[in-house]
Amino acid sequence: MNIKQLRAFLVVAQERQITAAAKRLYTTQPPLSYQMKQLEKEVGAQLFIRNAHGINLTEAGRTFLRYAQQIVNLDRQARDELRQEERGVIGQINLGLISSAGGLIPNAALRSLTKSYPKLNFNITEANTFQLLDQLNDNLLDLAVVRTPLNMQGLEKKILNTDRMVAVYDSTSIKLPAQSLCPDDLANQPLILYRRFEALFNREFAQLGIVPFYAVRCDDARTAILWADRGMGVALVPESIAEEYAHSTVTPIDYPAWNTHVQLVWRKDRVMRPVISHLIKLM
């Protein structure tokens, strides 16, 4: 059984005559009669009573008519929605966001997109960079906003923001230069380490011959900032996160090797729907 057969059945049921139905379907009587007989075999019931004046539906035929109409309507609706989604008129974008993307997303690009496509909706997943990359690779996300460093294998990117690393600390208990810092200034300080950047810091400290003292290690930049605000050490975090959450002194670190990027990423091998491509261009 297929949609073509069901559409033909509906026309035959309306016309109650094979010849008239065949004209509407731009075919001839024999193949249409054969189609209807095959349909009856498929459903295992007699759908028509044939007489001298044409055909009438049996009780089974009237029952089947309701379902056939629903199926054809659903098929039409699905095709219409898919065409609209291809044009970006409706649809859903599955977007992954890191917690520190709050200052960047939503933005003017998203507002512009929703003005053009008012029935578009966003399904947001919030997680850390590595969790979002896993979901992107599992095709659970269309796009993700993540932070470097990360493995870019198989991914395309668009840089949304470049962050300096900053030091967050309570200036009443920790004394550091006020204008800007370099890694040497941190050599004898109790550092609060967001583990996300541990490899980055350790590599650069080692190259400079510095042995850092990590007084605190944690898994969230916001936790690092909280502990720094309460005088427990110097938190090393990206500037945009510090601007969002820090309540104590924030001093930039003048060391480009520690800069990080917030990036919009997507899979290279995935066929992009037009609305996704449009959003990438707007970003």
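Reply: **Aromatic pairs**

Seven aromatic pairs turn up in a search of the whole structure. Rings of Phe, Tyr and Trp (its six-membered ring) pair if their centres lie within 6.5 Å; planes under 30 degrees apart count as stacked, over 60 as edge-to-face and the rest as tilted. This is a predicted model, in which local features need pLDDT of at least 70 and side-chain atom pairs count only at pLDDT 80 or more, while totals for chains, interfaces and linings use all residues. Residues are numbered from 1 along each chain as its sequence is written, and side-chain values use heavy atoms, with hydrogens and water left out.

Phe9 belongs to helix α1 (residues 3–15) and Phe64 to helix α4 (residues 59–87), so the pair ties together parts that are 55 residues apart in sequence. Helices (H or I, at least four residues) and strands (E, at least two) are DSSP runs, numbered from the N terminus. Phe9 and Phe64 are both buried, that is, under 20% relative accessible area with a 1.4 Å probe, protein chains only.

Phe205 and Trp258 have ring centres 5.2 Å apart and planes at 75 degrees, so this pair is edge-to-face. Phe205 sits in helix α7 (residues 198–207) and Trp258 in the loop between β11 (249–252) and β12 (260–267), so the pair ties together parts that are 53 residues apart in sequence. Phe205 and Trp258 are buried. Ring pairs also link Phe205 and Trp258 with Tyr194, Phe197, Phe201 and Tyr255 into a cluster.

Conventions. Buried means under 20% relative accessible area, exposed over 50%, partly exposed in between (1.4 Å probe, protein chains only).
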